Structures are given as C-alpha cells and as structure tokens.
2 protein chains.
Amino acid sequence: MRRKVTLKQIAKELDVSISTVSKALRNSIEISEDTRQKVQAFAKLYNYRPNNIALSLKNRKTKTIGIIIPEIVHHFFSKVITGIELVANKRGYNVIVGLSNESFDKEVINMQMLANGSIDGFILSIAKETLQQQDYHHFTETINQGMPIVMFDRVVNEIPCDKVIVDDINGAKKAVEKLISTGCKNIAIITTKDYVSVGKLRTQGYLEALEDHKIHPKSSLILKIEDKLLSDDHLDILEKEIEQLFKSNKSIDGVFAVNELYAVTAIKVARKLGLEIPKSLQVVSFTDGVLSKHSTPSLTTVSQHGQQIGEKAADLLINRLELEETDEEEEEIYETVIIETDLIERESTK
Amino acid sequence: MRRKVTLKQIAKELDVSISTVSKALRNSIEISEDTRQKVQAFAKLYNYRPNNIALSLKNRKTKTIGIIIPEIVHHFFSKVITGIELVANKRGYNVIVGLSNESFDKEVINMQMLANGSIDGFILSIAKETLQQQDYHHFTETINQGMPIVMFDRVVNEIPCDKVIVDDINGAKKAVEKLISTGCKNIAIITTKDYVSVGKLRTQGYLEALEDHKIHPKSSLILKIEDKLLSDDHLDILEKEIEQLFKSNKSIDGVFAVNELYAVTAIKVARKLGLEIPKSLQVVSFTDGVLSKHSTPSLTTVSQHGQQIGEKAADLLINRLELEETDEEEEEIYETVIIETDLIERESTK
DNA sequence: TTACCTAGCGAAAACGTTTTCGTGTTAAGA
DNA sequence: TCTTAACACGAAAACGTTTTCGCTAGGTAA
C-alpha cells in the first residue's frame with residue numbers, strides 16, 4: 001500500500017526543489033524541457049494528484065457547495081440535488097449534503113459544520129420548523145460572513161440572497177382551471193396549514209382561480225391538514241379527514257391536492273365511497289413524482305421541474321462565487337428566478 | 001461584512017502569540033487563568049470557529065465521507081443516504097455525494113475528484129455500466145492508496161473491502177413462498193437481465209423457492225427485462241412485454257417482480273386484461289418504496305431496510321477509519337454484513 | 001549565594017500547495 | 001575582458017491550525 005505521493009516526495013526523489021516540481025507539472029516556461037519531462041514522467045508513474053485540501057487552504061476556497069435540505073427521501077428534493085450536482089460537476093464543483101430533517105436545530109448545526117471553511121456557499125430549502133419559528137439568524141450570519149446562499153422552493157423574502165422558486169400560485173391556478181374547464185362545479189382543495197409557505201401559496205392560487213371564474217369559494221371545501229401527517233404513521237388520520245370532507249360535501253366533483261400523497265389518498269377514499277375517477281370525480285395534484293406517474297389511475301399533476309430548479313440554483317451560486325473572485329465589489333443585487341410549472345395531463349381528469 | 005476571524009487576528013488584537021490563543025481556547029493548563037478568559041471572551045465575541053480546511057490539512061484527515069451512488073432519485077438509495085448521514089453526523093462526520101448516473105466514466109471521475117484529499121473513505125454502490133464492463137481498477141487503486149471503501153447493495157466479491165448487502169436470495173424466497181402458501185400454482189417472475197447482480201440473485205431465490213416446494217420452473221414464466229427499460233421513456237415497451245407474458249400464459253396466478261415499477265406495471269396490465277387482484281392474480285414486489293405503500297392495491301413487498309443499510313455501512317467505514325488511527329497495523333480482515341429482508345404484507349396478496 | 005524548578009508564554013515546524021523573488025551559471029555583445 | 005541578459009532553478013512566504021520545544025522571570029531549597 002503506497003500512500004498518496006506529494007510534491008515533496010517527488011522533489012526528494014528527483015533531487016530538485018519542490019518549486020521546480022510544481023512548476024514543471026504546470027508547464028512553466030521557467031523549467032527546462034529536460035527537467036519538465038523527467039518530473040512529469042515521474043508524476044505520472046506515481047499517479048500524482050494535487051491534494052485538494054492543501055489547494056483549498058491556499059486558495060481560500062474549496063470548490064464545494066453545501067446543500068441543506070429538509071429530507072432526501074422525496075422525489076422533488078432528490079430531483080433538485082440531481083440538478084445541482086449536474087451543473088456543479090460540470091463547473092468543477094463538488095456537492096456536500098446536509099439534512100435538516102425539518103428540524104431547526106439540525107439546520108443550524110449542519111450549517112455551522114459546513115460554514116467553517118468546508119464550502120464556498122450554500123444552496124438550501126428551509127426546514128418547516130424554522131419557518132414556523134421564523135428564526136433566520138443563522139442565514140443572515142452566514143451571509144454576513146461573506147458566504148453566499150441560494151434558497152429554493154421554501155424561501156423567505158427578508159433574507160438577502162438569490163432565490164429560485166416555483167410559481168406555486170400560477171401552478172395551482174392551472175390545476176384548478178383544468179378542473180373548471182372540464183366541468184367541475186364544486187372543487188375542493190386538500191392543502192396544508194398556512195405556515196407551510198408553499199401550501200399557503202397553492203391555496204391562494206386555488207382561490208384566485210375560483211375568483212377568476214366567478215365561483216364563490218366555500219370554506220367547507222377547504223381542508224387544511226396538519227402537515228406532520230405527511231409522515232406515513234398518520235396515514236389513517238389523513239384518510240379519515242378526507243373521508244369526512246367527502247361525506248359532508250356530496251357534491252364535490254373535483255379535488256385539487258397540494259401534493260401527491262394527498263391526491264392518491266383522496267382517490268383511495270373516493271373509490272371506497274364508490275366514486276368513479278375521473279367520471280364522477282376528477283383529481284389534480286401538485287408535484288410530479290413517481291406516484292403520479294405510476295398509480296392507477298395516473299394523476300394529472302403540476303410538474304415543478306425539480307431538476308431545472310437545482311440547475312438554476314447551482315448556476316446562480318457559482319456565478320456569484322466566481323464574480324466575487326474577479327470583482328471585489330460585490331453588487332448587492334439579488335435575483336429571484338421563478339420556474340414556471342407545467343400541467344401534465346393524465347388519467348385522473350377528463 | 002466581516003470575514004471569519006482567525007487565530008492570527010485574535011493574537012494580534014490581544015497582543016499575544018498565536019500559540020497562546022490556540023492553547024487558551026483549548027483550555028491548556030499552560031495558560032494563566034487571566035489570559036485564558038480574555039482570549040475566550042474575545043473569541044466568543046467574534047464568533048471564532050477553527051477553520052476546517054486547516055484542521056484537515058494538519059490532521060491529514062477530513063472527517064468527511066464520500067458517497068458514490070448510481071442515482072439519487074430512487075427511494076432505496078435516498079433511504080441509504082439518510083442512514084449514512086444519520087450516523088455520520090452523530091459521529092462527527094460530513095457526507096459528500098457523487099452521482100455516477102450508472103456510468104462507468106462518471107464513477108471513475110467522481111472518485112478521483114474526491115480521492116485527492118477531500119474525504120477519508122468511500123461508501124458506494126456500483127454503477128450498472130461498471131458491473132457490465134467488470135472493470136474495477138478504480139476501486140483497487142483507491143484501496144491501495146490507503147483509502148477504505150465500504151460497498152453496499154451492488155457489490156463485487158473480488159474487491160477487498162467491507163460490504164453491506166441485502167439478502168436478495170432469501171428475500172426473493174420469502175416473496176415466492178408467500179405466493180405458494182396462498183395457493184399460487186403458476187408463479188411468474190419479472191426480473192432483469194443477469195448482469196444486474198441483484199436481479200440475478202432474486203431470480204435465484206425465486207428458483208430455489210420453487211424447487212423447495214417441488215415446483216418445476218418453466219422458462220416461459222421467467223421474463224427478463226433489458227434493464228434500460230427502467231427509465232420512464234420505455235414504459236410502453238415494458239408494458240408490452242408484460243402483456244405478452246400474461247397472454248401467452250393464461251394460467252399465471254402469481255407474479256414476483258424484482259422491483260416496484262415492474263410490479264405496478266404488471267398490475268396495470270393485469271387489470272387491463274380483466275384480472276382481479278389479489279383474487280385471480282397475486283403480486284409481490286421487491287423494494288419497499290413509496291409506490292408499494294400508496295398504489296392501489298397497495299403492494300405486498302420485500303423491504304430492504306435501506307436506512308439500516310446506510311447506518312451499518314457508515315458504522316463500518318468510520319470504525320475502520322478510527323481503527324487505523326490508533327493501531328497502525330490494519331488488519332486486512334473485511335466484513336460482509338447481510339441485512340435481512342422483511343416481507344410486508346399488503347393488499348396485493350391474499 | 002548557587003542551583004534548580006515552575007509558571008507562562010512564544011518561536012517554529014508541520015500539513016501540501018503555489019507563487020514571488022532572488023541567485024548562480026552561461027552565453028552573447030561591447 | 002567586462003557587462004548584461006537569458007536561463008534554470010531554489011528559498012521562502014502564505015493559507016490556518018496544533019503541538020513541541022525553548023526561554024525567561026520569579027520563586028524555592030540547599
């Protein structure tokens with residue numbers, strides 16, 4: 001087992017100085033053709049590669065991006081990571097992942113672990129607990145220390161940083177309009193409590209779509225689920241709540257669910273109640289994940305283009321990192337990119 | 001914007017030496033109570049944190065684990081990452097993720113990027129292309145340079161490293177035995193071509209289960225799918241193949257699918273052909289993902305405990321890293337941990 | 001008084017690079 | 001022969017730590 005070879009070892013072996021080796025490997029004109037060849041041959045033989053850590057220390061940058069997301073076992077977030085990784089790698093960066101698990105403390109700790117030199121900047125989506133507590137000091141501190149952040153999906157406006165968001169309102173509008181245009185008169189929404197920003201926005205889109213078509217929203221058709229129910233353990237509670245919704249509103253002919261799970265659960269319940277889909281009940285969901293595509297009936301859904309979001313976020317971050325490099329005057333102008341959604345029509349609507 | 005403060009700056013500010021500051025912060029007895037308090041107060045005020053990169057360089061270890069997986073938009077792999085991240089964080093390590101995208105080249109490049117000092121060891125699952133080409137030099141080279149590897153799920157025996165694998169054979173046996181015990185007489189398997197190691201093993205389990213029950217396997221009931229069809233674009237081809245299987249074998253009353261997608265697709269096709277599930281056709285799948293749980297009917301499935309695999313892999317790797325540290329004599333004894341599967345019974349079987 | 005100990009601190013090396021700034025040798029020009 | 005310039009290379013600093021080893025001043029023991 002031979003350890004990784006260093007410049008020093010090569011220098012010693014060839015009886016030249018470290019500087020000479022370094023220069024020879026970088027094809028400096030200062031070094032004679034002879035020496036250069038000798039060094040390069042030797043380096044190749046021993047498979048020399050510069051030590052990244054030493055380079056990071058010297059250059060004061062790591063060429064690594066830190067990602068903090070609430071969870072990874074989630075179609076949308078893993079798609080985003082795929083996108084980030086794609087452009088990061090293309091542009092010579094690595095990606096280091098921290099999971100907040102929707103917890104404020106873990107988010108803070110994870111950011112501290114990474115902010116001490118391990119990475120050049122963050123791409124993150126805020127934990128639910130953080131959104132609830134509205135404590136964002138760890139973000140501002142990080143930014144104040146000169147480390148740029150790009151937020152995606154779950155963002156807060158008061159933080160000065162680039163952001164990549166989904167057009168939740170319009171996405172929801174598209175979904176509801178689809179239901180309206182196919183003849184639904186009583187459209188229910190299954191959404192989350194308002195502190196989940198995306199839930200709130202999608203609810204808003206739902207209301208706007210109804211308003212645009214002169215339909216008066218009924219509060220009995222708006223079901224707000226306590227978000228913790230997303231965890232699988234509470235699936236039965238979720239089912240009960242939805243069943244209650246259907247039973248007390250027999251006239252429902254369309255459902256807009258703000259995520260896949262709510263949608264498939266709604267379908268499951270509806271079937272149990274003898275409703276036929278899409279004939280007597282149409283369903284549209286948000287988030288185009290594996291469930292939408294492969295459940296029966298497959299779901300008409302609003303696609304958020306997670307990968308594209310990741311790609312954009314990575315580009316924004318790296319652009320800013322490399323701009324700082326040349327122009328020490330950083331402009332404090334931050335961008336908010338909105339990624340448009342698409343409505344993907346499948347079997348759950350007419 | 002104030003940049004991160006360093007020992008040097010604190011030293012200058014307080015008019016002491018760098019060594020004194022360092023020692024004071026680490027509560028060395030060499031430093032007087034007075035100085036210690038002064039330094040610690042100052043450090044706290046300016047929120048001093050040691051620079052990770054400098055520590056990594058000095059200690060010759062990064063406290064970071066490199067993960068290379070074929071893809072991340074996949075329930076099993078993201079579960080594994082969750083597990084790795086969990087114990088890594090608990091034990092003071094970070095996690096850096098590389099995606100091979102099932103490509104040999106990307107696997108090699110990713111490993112090279114990380115192996116140059118960025119990480120202390122790898123946890124990985126081999127890309128399909130690598131398995132096909134059977135070129136494993138990048139693994140042996142990494143190991144020869146003194147960097148430990150832990151492989152999980154898709155492993156090759158000839159590489160000297162710790163491994164964490166699923167008991168695919170027994171998992172498949174459990175699945176098939178479930179079908180047999182509920183009265184199935186003609187059990188088909190939908191699997192992958194043999195170069196995918198896990199597909200091969202699950203097929204083997206299927207055959208063994210049949211044999212154990214004196215059932216003669218029929219080659220017409222074994223459908224081997226070209227694995228590239230897993231990508232969504234080829235869904236229709238997959239459907240056609242399965243339809244063909246059912247049509248030419250009307251007597252099939254049980255299906256064992258080696259992954260969720262094959263299973264739900266089989267169910268879809270079966271329904272189209274008028275088969276009732278689980279009454280006239282029972283289905284068991286491998287991999288307990290989101291589809292199994294939430295599709296209708298929900299799937300009886302073999303759970304691989306991805307998170308547990310991740311946790312175990314991380315523990316194995318970190319144990320080895322910290323063993324190297326104390327005892328320079330590394331024992332070249334590698335462990336292969338087998339994680340048992342569980343059969344989770346749901347609606348797709350009787 | 002001499003010798004010695006100890007508390008408290010600083011200098012310097014080391015981790016592996018890159019880069020700036022010498023410096024010595026040789027050959028060409030005057 | 002002397003000056004100068006090009007050439008080829010080396011020394012050293014810097015990135016931010018930790019740690020070993022010395023050093024000094026003051027105190028204690030003989």
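Trainee: Which element gives the most to the surface near DNA strand C?
Mentor: Helix 2 of chain A does, with four residues. Keep in mind that this is a predicted model.

Trainee: OK, and how many residues surround DNA strand C in total?
Mentor: There are 27, and the closest are A:Lys58, B:Thr20, B:Lys23, B:Glu30 and B:Thr35. By class, that surface splits into nine nonpolar, nine polar and nine charged residues.

Trainee: Give me some actual contacts. What does A:Arg26 sit next to?
Mentor: A phosphate oxygen of DNA strand C, which lies 3.3 Å from a polar side-chain atom of A:Arg26. For the bases, look at A:Lys58, where a polar side-chain atom is 3.5 Å from a base oxygen of DNA strand C. A:Ala54 uses its backbone instead: an N or O atom there lies 3.5 Å from a base nitrogen of DNA strand C.

Trainee: Which elements give two or more residues to that surface?
Mentor: From chain A, helix 1 (7-14), helix 2 (18-25) and helix 4 (52-59). From chain B, helix 2 (18-25) and helix 4 (52-59).

Trainee: Back to helix 2 of chain A. Which of its residues are buried?
Mentor: A:Thr20, A:Val21 and A:Ala24. Down the helix axis they fall within an arc of 100 degrees, so they line one face of helix 2 of chain A.

Trainee: What does that face pack against?
Mentor: The buried residues of helix 2 pack against helix 1 and helix 3 (33-45), both in chain A.

Trainee: And what follows the helix?
Mentor: A:Asn27 follows helix 2 of chain A, and its phi is positive, near 55 degrees.

Trainee: Let's switch to DNA strand D. Which residues come nearest there?
Mentor: Of the 27 residues around DNA strand D, it's A:Thr20, A:Lys23, A:Glu30, A:Thr35 and B:Lys58. The surface near DNA strand D has nine nonpolar, nine polar and nine charged residues.

Trainee: Which helix gives the largest share on that side?
Mentor: Helix 2 of chain B, with four residues. Helix 2 and helix 4 of chain A, plus helix 1 (7-14), helix 2 and helix 4 of chain B, each supply at least two residues.

Trainee: What are the polar contacts like with DNA strand D?
Mentor: Take A:Thr35, where a polar side-chain atom lies 2.7 Å from a phosphate oxygen of DNA strand D. A base oxygen of DNA strand D is 3.3 Å from an N or O atom in the side chain of B:Lys23. As for the atoms of DNA strand D within 4 Å of the protein, 57% belong to sugar or phosphate and the rest to bases.

Trainee: How are the two chains related?
Mentor: Chain A can be laid on chain B with an RMSD of 0.1 Å, using a turn of 180 degrees and a shift of 0.0 Å along the axis. The two copies are thus related as by a two-fold rotation axis.

Trainee: Which residue of chain A comes closest to that axis?
Mentor: A:Ile96, whose C-alpha is at 2.0 Å.

Trainee: Last one: why do you say the copies meet through the same surface?
Mentor: Because 100% of the interface residues of chain A are also interface residues in chain B.

Key. Residues are numbered from 1 along each chain as its sequence is written. Chains are lettered from A and ligands numbered from 1 in the order in which they are written. This is a predicted model: local features need pLDDT of at least 70, side-chain atom pairs count only at pLDDT 80 or more; totals for chains, interfaces and linings use all residues. Side-chain values use heavy atoms; hydrogens and water are left out. A residue is near a molecule or strand if one of its heavy atoms lies within 4 Å of it. A polar contact is a pair of N or O atoms within 3.5 Å; within protein, one must be able to donate a hydrogen and the other to accept it, and residues adjacent in sequence count only if both atoms are side-chain atoms. Ala, Val, Leu, Ile, Met, Phe, Trp, Tyr, Cys and Pro count as nonpolar, Asp, Glu, Lys and Arg as charged, and the others, Gly among them, as polar. Copies are superposed by least squares on the C-alpha atoms of residues with pLDDT of at least 70 in both. Contact means heavy atoms within 4.5 Å. Buried means under 20% relative accessible area, exposed over 50%, partly exposed in between (1.4 Å probe, protein chains only). The arc is that of the directions from the helix axis to the C-beta atoms.
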